[in-house]
Amino acid sequence: MNLDDALALLDGARAEAEAAVAAAADVDALDVVERKWLGKNSPATAVNEAIKTFSADDRPRAGQAVGAYRSAVGEAAGARREALTAAAAATRGPGIDLTLGGHARPRGHLHLVTQIRRELEDIFIGLGYRVAEGPEVEDDWHNFEALNIPPAHPARSMQDTIYVDLGAAEQMMLRTHTSPVQIRTMESQEPPIYVVAPGRTYRNETLDARHSPAFHQMECLAVDRGLTMADLFGTIEAFARRLFDDESVRTRFRSDFFPYTEPSAELAVSCVFCGGDGCRVCSHTGWIELGGCGMVDPQVLAGVGIDPEEWQGFAFGFGLERIAMIRYGINEIRTFFDNDVRFLEQY
Amino acid sequence: MRAPLSWIRDFTPVDAPVDAIVHALNQLGLEVDAVEEPGREVLGVRVARILDVVAHPNADKLRLADVDFGGGQTRVVCGAPNIEPGMVVPFAPSGATLPGGFTLERRTIRGEVSDGMLCSAKELGLGDDHAGILALDPGAELGDDVRAVLGLDDVIFDLAITPNRPDAMCIVGVARELAAHFGLPLTVPEPEVDRDPAVTTAVPVAIEAPDRCPRYLAWTAEVAMGPAPAWMQQRLVKAGVRAISNVVDVTNYVLLEHNQPLHAFDLDRLAGPGIVVRLAADGERITTLDGVERPLDPSDLLICDGDRAPQALAGIMGGGDSEVDDATTRILLEAAYFERMGIARTSKRLKLRSESSARFERGIDPDGVARAAARAMELLAGVATARPSTATVDAYPRPAERARIRLRTSKVNGVLGTDLTDAEVIDALAPLGIDVQGSGEAIEAVAPTFRPDLEREIDLVEEVARRVGFDAIGRTVPKPEHQVGGLSHRQHDRRAVADALVGLGLAEAVAIPLIAPEAAARFSAVAPVQVANPLRAEESVLRPTLLTGLVAAAAHNAARGQSDVALFELGRIFRRPVVEGALPDEREAVAGVLAGMVRRAPIEPDRAVDAYDAVDAIDAVVRALGVADVRIESASAPGFDPGASAHVVVGGEVVGVVGALDPAALAAAGVAGPAVAFELDLDGLDAAPRVDRQFRVLSSYPPSTIDLAFVVDDSVHAAAVVRTLRAAAGDLLEDVRCFDEFRSSQLGPGRRSLAFALRFRAPDRTLTDADVADARTACIHAVEAAHGGALRG
Ligand SMILES: [Zn+2]
C-alpha cells in the first residue's frame with residue numbers, strides 16, 4: 001500500500017462507516033459498527049500498520065488522514081449513540097411506583113397513660129426528683145393506718161376498698177391510692193427525700209364510662225428541713241406550667257381535708273383552653289381541678305420515725321387518666337382500658 | 001348539706017353578694033357544690049287545693065285532680081301517688097315557669113286535657129325530693145304565689161363538708177365561719193324555755209355503757225301533735241328535709257341548726273317509764289323505724305325502756321315501737337352524745353346510715369347537748385304547744401375537757417412560709433371560738449368542744465391558713481441538694497423494653513388486673529389471689545398472667561372488625577404469697593399477643609402471624625436489656641399449643657414462655673384466628689447476667705465465609721447446633737446463623753437439613769485457606785459428635 005492507496009481506502013471506508021452508523025438501529029448494533037470501523041480490524045488500523053513502510057515525506061499526510069477518519073467516524077458514532085439513548089429513554093416505562101407505600105412495617109405505640117407517665121416523671125426528674133414505686137397489693141398499715149386512717153375512721157368509707165382474700169379479714173387490699181409509697185419510701189430512706197410515685201390504684205367500682213376499678217395516679221413527696229407550704233404551691237405551679245407548656249398557667253388552692261396532710265388543699269389550675277374565661281373543658285369555671293395536696297401530717301412523719309420538729313414535708317397527687325382526658329378531650333375513662341387499636345394507634 | 005342564706009342570717013348579718021359568700025365558703029374549705037336561687041326561676045306557680053281525685057280513664061298510673069286555685073277551678077293530670085282531696089299543693093298553670101326555664105302549656109295527656117301541673121319539691125328546685133307532690137300549709141291562701149308561701153326568694157348553698165368538720169354540718173356552724181370571714185358578730189341566743197310547773201315527769205336514766213354514751217339528757221313534755229307551721233316547713237324543705245309532724249320537724253330543725261341529733265319517743269309507749277342505755281345481747285334484734293328487723297351484735301348500743309326492751313339503735317335510728325304519731329300526747333326528748341367509733345362500726349356493719357349517725361360518727365359537741373335540747377323545747381312550745389317538764393335528767397358524769405394546745409407563731413410561719421405576727425395569728429383564731437392567750441412561742445389556745453378536729457399545734461396552723469387564705473402564701477420552688485433526679489436501672493430497663501417492642505410495631509395495652517377465675521385458669525396453672533369483696537365474678541381474682549388481658553383485648557378488637565392486632569403489656573402479675581400472711585408474690589412481667597394477619601401486600605405477600613413473630617419479640621426484649629445467654633427450649637405451657645411453644649430460659653431458670661396460642665383457649669376467650677404470644681418475667685430477666693459491653697477493636701482485615709449443611713433428627717434444635725458450632729469454631733469465628741431449613745423424602749421422615757453460614761475474621765491478618773479449613777473440620781466433627789449430624793454434600 002502506498003499513500004494514495006491509503007487515502008483512497010480511508011475515503012471509501014469513511015463513507016461506508018458513516019452509512020453504517022446512521023443505519024445502526026440500537027445501541028447494541030452501534031457497538032458492532034464501532035468495533036468494525038474503529039476497532040482492531042478497522043481500515044484505520046490497517047493504514048496505521050502500513051505507515052511504517054511509507055517514506056518520511058508521506059507519513060505525516062497518512063497520519064493526518066487516519067486522525068481525520070477516526071474523529072469523523074467517532075463523532076458520528078457519538079452523536080448516533082446520544083440519539084439512540086435518548087430515543088430508548090423516551091420509549092422506556094415509568095419506573096417503579098414508590099407510592100405503593102413500602103413494606104408496611106407497622107409503627108408501635110406506647111399507651112397514652114405510659115406517655116403521660118413518662119412525661120410527668122421527666123418533669124420531676126428535671127426538678128431533681130427520683131421515681132419511687134411500691135406494691136399494688138398493700139397491707140393495712142401502709143394503705144391506711146400509717147396515713148392516719150385508723151379502722152372505722154370516716155375517711156375509710158370515702159374509699160371503696162377492694163380487699164384480697166389473704167391473711168386476716170380486711171388486712172390486705174389493692175391500694176386505694178399511691179400514698180402508701182410515701183410511707184414505704186420514708187421507712188426505707190432517710191430524709192431529705194424528693195420522690196414521685198406513679199402507679200396503678202384501685203377502687204371497688206365496675207368499669208363503665210365514668211368509673212373504673214383501676215386507674216393511675218402520681219404522687220409527689222418531699223421531706224426536707226424547712227419545707228413550707230409556699231414550696232408546695234411553687235412546685236405545683238412549676239410542674240403545671242411544664243405540663244401545659246404555658247408559663248401563664250396559674251394555680252388555685254382551696255382548703256380541703258386528707259387524713260395524711262395538714263394543712264390540706266384541693267388544687268386547681270387555670271384553664272389553658274380558655275385562659276380562664278370559661279369553656280366546656282373547665283365546666284365554665286375557668287379552673288381545672290387536678291388533685292389534692294398538703295403538708296405531710298406530723299403524725300405521719302413521726303409514725304415512720306422522722307422527727308417532725310426537724311423535718312417538714314409536702315405531698316400532692318393527681319390522676320394520670322384525668323390529665324390525658326383534659327388534654328385530649330377524652331370523655332370516657334373506659335377508653336383507656338378497652339385497648340381498642342383505633343385508640344392505641346391514635347397516640 | 002344545704003344551707004339557706006335566710007337561716008344563716010338568723011345568726012350573723014351577712015349581706016355580702018352571693019359570689020363573695022361562695023368565694024369565702026370555698027376558701028374556708030366548705031366547698032360549694034351548687035348555689036340555688038329557686039325564687040328566680042319559679043314564676044306564676046300558685047297555691048291550690050285539691051277538690052277531687054279521679055282515675056285517668058286511659059292510664060293506670062295517672063290520675064285526674066280537680067283543683068281550686070283561688071281565681072277559679074281546673075283539672076290537671078298527675079302521676080304522683082300522694083295526692084288526695086283537701087291537700088293544698090303548688091299548682092303550675094299553663095304559662096307558669098319552672099327551674100330550667102321550662103314554661104308550661106295546656107296539653108293533652110293520654111286523651112285528657114291537663115291545664116298545667118302539680119309540683120314536687122324537686123320540680124320547684126328544692127332539693128331532690130321527687131317522691132310526691134309537695135304538701136303546703138293547709139292554711140295558705142289559695143291563689144297566692146308559692147314563692148312567698150315557700151320562702152323561695154332565698155339563696156341555698158349546697159355544701160360538701162369534709163369529714164373532719166362536723167361543726168360545719170349545721171347552720172350555726174356555717175354562720176360562724178362566715179361571721180369570722182366577714183368580721184361580723186355571731187349571735188346565737190340562749191333558748192328560753194317556760195317549764196310548766198304542773199308537768200314534773202322525770203324519767204330515770206341508767207347508762208350501763210358510759211364509754212359509749214358519755215352524755216344522755218332526757219326531758220319530757222306534753223305536746224299537741226299536728227303539722228309544723230309553714231315557716232318551719234319551708235326551712236326544712238329548703239334544707240332538703242321533708243316535713244312530717246311538728247314534733248319530728250322540730251328534732252330535724254335543731255339537728256340542722258345546731259348539729260345535735262335528737263330523738264322524740266312517745267313517753268306512754270316506754271315501759272317504766274325509764275331509759276336504759278346498754279349494749280345489745282348476742283342474738284338480740286330490733287325493728288327500726290324503716291320497718292326493717294335488724295340482727296344485733298354485742299358491740300351495738302341500744303336505747304331501752306324501763307323493761308330493758310330496745311327502743312332505738314343509739315344514734316342511728318329509732319325503733320318502731322315508741323315512735324311518735326298522731327295519738328301521742330307526751331314525749332321523751334333524747335339529746336345525747338355517743339362515742340364516735342362505736343356509731344361508725346354499727347352503722348357500717350348494718351349498712352344503715354342516717355343524718356344522725358353521720359353526725360355522731362364525725363363527732364358532735366358534747367357541751368352543746370343541753371342547749372340543743374332547750375332550743376327544741378323552746379320551738380316545741382311554739383309549734384306544738386308543748387309544756388316542758390320542770391325536770392331535766394342530764395346524765396353527764398365526766399364533762400368533756402377542752403383541748404389546750406400550745407402554739408408557736410414561728411411554727412405557723414415555718415409551715416406556711418408566711419410572715420405573720422402574733423396578733424395576726426390570734427386574730428385568725430379567735431372568731432372561730434378558740435380562746436387564745438399569750439404570744440410568740442407560748443400562745444395557749446383552748447379549742448371549743450364543737451371542734452373535735454382541733455387537738456394539736458398543726459391543727460391550729462391549718463386554721464390560720466384557712467383564715468388568712470392560701471392566696472396569702474407565696475410560691476417558691478425547692479431544689480434538692482443531696483441528689484440529682486433520675487431513673488433507677490430498673491426504671492430505665494422498663495422503658496427500654498417498652499421502646500423495643502414499640503420499635504417492633506407492637507402497641508401497648510393497659511388492662512384491668514381484675515379478671516374472671518376461668519380466664520386465669522385458661523392461661524395459668526397457679527391458683528390466683530382472690531378478691532374478698534368482688535362486685536362481680538368477672539373481676540374476682542388478680543391476674544396471674546398478662547395474657548388474659550391481651551387476649552381479651554384481641555377479642556374486643558376482633559368484635560369490632562379489627563382482627564389483626566399486635567399488642568403488648570408491661571405490668572404487675574400476682575401469685576399467692578410463699579409465706580402465709582405475707583403480701584402476694586407480685587412480679588413485673590411483659591407479654592404480647594399477635595393475632596390475625598401480618599399485612600405486607602402489595603410489596604410482599606400477606607401472611608398469618610406465626611410463632612416466630614413472638615420469638616422476634618423475645619429477641620427484641622432480650623437485646624434491649626442486653627441479657628446474655630437466653631435459651632428457647634421446647635415446652636408446653638397453659639393456653640399454648642404444645643407443638644409450637646417453648647420456655648425462655650436464662651441461667652437454667654424459666655423466665656418466660658413463647659409460642660402459638662391454643663385454638664381452644666382462644667375460642668373460649670372469643671378470638672377466632674391464629675394468635676401467638678409471649679410472656680417474660682422482668683424480675684427474672686433483671687437478675688440475669690448482661691452481655692459484656694467492653695469495646696473490642698474492629699479488625700480491618702477481610703472476613704472469610706463458609707456454609708455448612710447438616711442432616712439431623714428433628715429432636716435436634718437449631719439453637720443447639722449453633723451453640724456447638726460456636727464452641728468448635730474457635731476464636732476466629734465472628735458470627736454464625738442458620739439460613740436454611742429443608743426436608744425431603746430423600747432425607748427421610750423425622751429428619752431435616754439445617755444450613756449455617758459461618759463468618760471468620762482475624763484481628764491482625766488476612767485469614768489463610770488453611771485457617772478456615774481447620775475450623776471447618778472442627779465444626780463438622782463437633783456437630784457429628786454432639787448431634788449425630790452428617791454433613792450434607
Ligand atoms: Zn376553660
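Domain bounds come from an automatic or database domain assignment. On that basis, chain A holds domain 1 (3-92) and domain 2 (112-344). The C-alpha centres of these two domains of chain A lie 91 Å apart.

This is a predicted model: local features need pLDDT of at least 70, side-chain atom pairs count only at pLDDT 80 or more, and totals for chains, interfaces and linings use all residues. Residues are numbered from 1 along each chain as its sequence is written, chains are lettered from A and ligands numbered from 1 in the order in which they are written, and side-chain values use heavy atoms, with hydrogens and water left out.

**Aromatic rings**

- A pair of aromatic rings is described by the distance of the centres and the angle of the planes.
- Rings of Phe, Tyr and Trp (its six-membered ring) pair if their centres lie within 6.5 Å; planes under 30 degrees apart count as stacked, over 60 as edge-to-face and the rest as tilted.
- The whole structure has 20 aromatic pairs over all chains.
- One of them is edge-to-face: Phe124(A) and Tyr129(A), 5.5 Å centre to centre, with 70 degrees between the planes.
- Phe124(A) is buried, at 0% relative accessibility (buried means under 20% relative accessible area, exposed over 50%, partly exposed in between, with a 1.4 Å probe and protein chains only).
- Tyr129(A) is buried too, with a relative accessible area of 1%.
- Phe233(A) and Phe253(A) count as stacked, because their ring centres are 3.8 Å apart and their planes are at 10 degrees.
- That pair links distant parts of the chain, 20 residues apart: Phe233(A) is in helix α9 (residues 229-243) of chain A and Phe253(A) in strand β6 (residues 251-258) of chain A.
- Helices (H or I, at least four residues) and strands (E, at least two) are DSSP runs, numbered from the N terminus.
- Both Phe233(A) and Phe253(A) are buried.
- Ring pairs also build a cluster, with Phe124(A), Tyr129(A), Tyr194(A) and Phe239(A) among its members.
- In chain B, the charged end of Arg176(B) sits over the ring of Phe450(B), 3.8 Å from its centre.
- For that label, NZ of Lys or CZ of Arg must be within 6 Å of the ring centre and within 35 degrees of the ring normal.

**Salt bridges**

- Side chains of opposite charge can pair when their charged atoms come close.
- A salt bridge is a side-chain nitrogen of Lys or Arg within 4 Å of a carboxyl oxygen of Asp or Glu.
- The count comes to 86 salt bridges over all chains.
- Glu309(A) bridges to Lys411(B), with the closest N and O atoms 3.6 Å apart.
- This pair crosses between chains, from the loop between α10 (298-303) and β9 (312-319) of chain A to helix α11 (residues 409-416) of chain B.
- Lys411(B) is buried, with a relative accessible area of 13%.
- Arg451(B) and Asp453(B) form a salt bridge, their closest N and O atoms being 2.8 Å apart.
- Arg451(B) is buried at 2% relative accessibility, and Asp453(B) is buried at 16%.
- Arg466(B) and Glu463(B) meet in a salt bridge of 2.7 Å, N to O.
- Both lie in helix α13 (residues 457-468) of chain B, three residues apart, about one turn of the helix.
- Arg466(B) is buried at 3% relative accessible area, and Glu463(B) is buried at 1%.
- Elsewhere, salt bridges that share partners form one network, including Glu133(A), Arg490(B), Glu588(B), Asp683(B) and Asp686(B).

**Around Arg490(B)**

- Arg490(B) lies in helix α14 (residues 489-503) of chain B.
- Which residues does Arg490(B) touch, not counting those up to four places away in sequence? They are Glu588(B), Leu682(B), Asp683(B) and Asp686(B) (contact means heavy atoms within 4.5 Å).

**Backbone details**

- A cis peptide bond joins Pro191(A) and Pro192(A), with omega about 0 degrees.
- Pro192(A) lies in the loop between α8 (179-188) and β4 (193-202) of chain A.
- The bond from Glu262(A) to Pro263(A) is cis as well, with omega near -5 degrees.
- Pro263(A) lies in strand β7 (residues 261-270) of chain A.
- Ala104(A) is not a glycine, yet its phi is positive, near 60 degrees.
- Ala104(A) is partly exposed, at 35% relative accessibility.
- Asp245(A) also has a positive phi, about 50 degrees, although it is not a glycine.
- Is Asp245(A) buried or exposed? At 61% relative accessibility, Asp245(A) counts as exposed.
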